[in-house]
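This briefing is intended for a reader who is meeting the structure for the first time.

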Amino acid sequence: MSIIGFVKEQLENERRCSILPLNVKAYVKLGATILVESGIGTSVNIDDSEYIDAGATIETDRACVLAKADFLMSIHALSKADLEKTKTTVCCISFLDPFNALEHIKWLQESGRSALSVEMIPRSSRCQKMDALSSQASLAGYVMVAKAMSTLPRIFPMMMTPAGTLKPAKVFVIGAGVAGLQAIATAKRLGAAVIAYDTREVVAEQVRSLGGKFLAIDIGETGQTDQGYAKALTPEQIEIQQQAQADCIASSDVVITTAQLFGRKPPLLIKKDVIAKMKPGSVIVDMAAENGGNVEGSVSGSVVTVEGVTVIGTGNWASEVALDASQMYANNLQALLLEFWDAEAKTISLNLEDDILQTALITHHGELINPTIKALLTQESV
Ligand code: NAD
């Protein structure tokens, strides 16, 4: 029997946690031993006693959880200082940001520790219930609209009153993936007039089905990877996109940018000269600010004014709705555990032949598993 440990998140602005009492109950029912760091649910108003009632053992000393666990589940990757307190055979399951953490991954490999990156779980129907990228991005889409709404000095819906008629706010969403589609749906529910653009034309129908308009821009061949991710555009295509969307941006009250490229820096899509054409007081929310930004002048972790327009780049969006985000993330982890649960041995059993683990496992017992990360690290060390 192995011990599954859950520790408190360490980042200052992180309010989510990786387990709720309901998950403890489900794990205990399977016969799992659950060790939880005291205070894990404080930021979402869940007391230690609720975890104890559900069947977990609470440990006040973080180092003890780290030292005893065979599997450690968290939202963000554990720091090296934390990992040095763990067993060298431990398997950590969390977001890992693997493309930007190559040095850390090398250390994990060399130290023998295993790491499973939830963002590398395949985007297949079998994996939908474990898809933490989608669960958190969907909430991010909602939060970004809520932030824009509370910042804009206008209301979203049309209002006809004896005191005059208010036109609906115009919201332009760039990037209609998981976060963008939720932003479109949320803005639409609030009564805004919504328009959206994505380089993957396959999403045009989804945008329309949510009541949005799709901005047609002919940038030539775009395509997507076999995982459904957008391919990077050429500089010429980016230029065409920037010009073609400029008028739409200028006439929008709110622009929400969610354009990302998996494993790469997001494209810069809105330059300052276009921001200057927006009405003063308009709002841009840059989902990609923490990775370099879709918007010139956006600042990661901050709200700034660029050419009279409020540009929100606060990031860590799902943490703003921490209880729901924790519930969804913890359920994603639970689904992952169930997929690999060995009922007889009462432990997680990692079968390396499984296609989920072939991509999601980054390191395992001193080996690099994910082929892309392996290739990147092998190239780097050549
Ligand atoms: P993402 O976060 O990598 O990107 C967000 C969006 O930005 C994407 O729609 C992308 O096409 C778009 N984009 C990139 N460059 C752009 C540009 N220059 N201009 C405008 N838009 C641009 O993507 P995601 O939201 O995580 O979704 C990735 C894919 O995975 C999608 O195809 C989605 O449908 C698919 N998916 C599948 C499953 C499943 O089958 N289980 C689950 C979730 C997502």
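In this predicted model, the axes of helix 6 and helix 7 cross at roughly 40°.

**Helix 6 and helix 7**

- Helix 6 spans residues 132-151, while helix 7 covers residues 178-189.
- The axes of these two helices come within 7 Å, and their crossing is right-handed.
- On the side of helix 6, the contact involves S134, A137, S138, G141, Y142, M144 and V145; on the side of helix 7, it involves V178, A179, Q182, A183, T186 and A187.
- Sorted by class, the residues of this contact are 8 nonpolar and 5 polar, with no charged residues.

**Helix 6 and helix 11**

- Helix 6 also packs against helix 11, at an angle of about 170° and with the axes 9 Å apart.
- Angles over 145 degrees count as roughly antiparallel, and helix 6 and helix 11 are therefore roughly antiparallel to each other.
- Helix 6 contributes A132, S135, Q136 and L139, which meet D324, A325, M328, Y329 and N332 of helix 11.
- This contact of helix 6 with helix 11 comprises 5 nonpolar, 3 polar and 1 charged residues.

**Helix 1 and helix 11**

- Helix 1 (residues 21-30) and helix 11 (residues 322-339) have axes that come within 10 Å and cross at roughly 10°.
- That angle makes helix 1 roughly parallel to helix 11, and the crossing is left-handed.
- N23, A26, Y27 and L30 of helix 1 make the contact with A330, N331, L333, Q334, L337 and L338 of helix 11.
- The contact of helix 1 with helix 11 consists of 7 nonpolar and 3 polar residues, and no charged ones.

**Domain arrangement**

- The chain is divided into domain 1, made up of 3-130 and 321-365, and domain 2, which runs over 152-315.
- A distance of 34 Å separates the C-alpha centres of domain 1 and domain 2.
- Contact between the domains involves 5 residues of domain 1 and 5 residues of domain 2.
- Between them, domain 1 and domain 2 bury about 480 Å², of which 53% is on carbon and sulfur atoms.
- F99, E119 and R123 account for 78% of the area that domain 1 buries against domain 2, more than any other three residues.

Note on methods. Residues are numbered from 1 along each chain as its sequence is written. This is a predicted model: local features need pLDDT of at least 70, side-chain atom pairs count only at pLDDT 80 or more; totals for chains, interfaces and linings use all residues. Side-chain values use heavy atoms; hydrogens and water are left out. Axes are lines fitted to C-alpha atoms, for helices over the stretch in contact, and angles run from 0 to 180 degrees between N-to-C directions. Helices (H or I, at least four residues) and strands (E, at least two) are DSSP runs, numbered from the N terminus. Angles under 35 degrees count as roughly parallel, over 145 as roughly antiparallel, 65 to 115 as roughly perpendicular and the rest as oblique. A crossing is left-handed if the near helix is turned anticlockwise from the far one by less than a right angle, and right-handed if clockwise. Contact means heavy atoms within 4.5 Å. Ala, Val, Leu, Ile, Met, Phe, Trp, Tyr, Cys and Pro count as nonpolar, Asp, Glu, Lys and Arg as charged, and the others, Gly among them, as polar. Domain bounds come from an automatic or database domain assignment. Buried area is the accessible area (1.4 Å probe) that two parts lose on being put together, summed over both.
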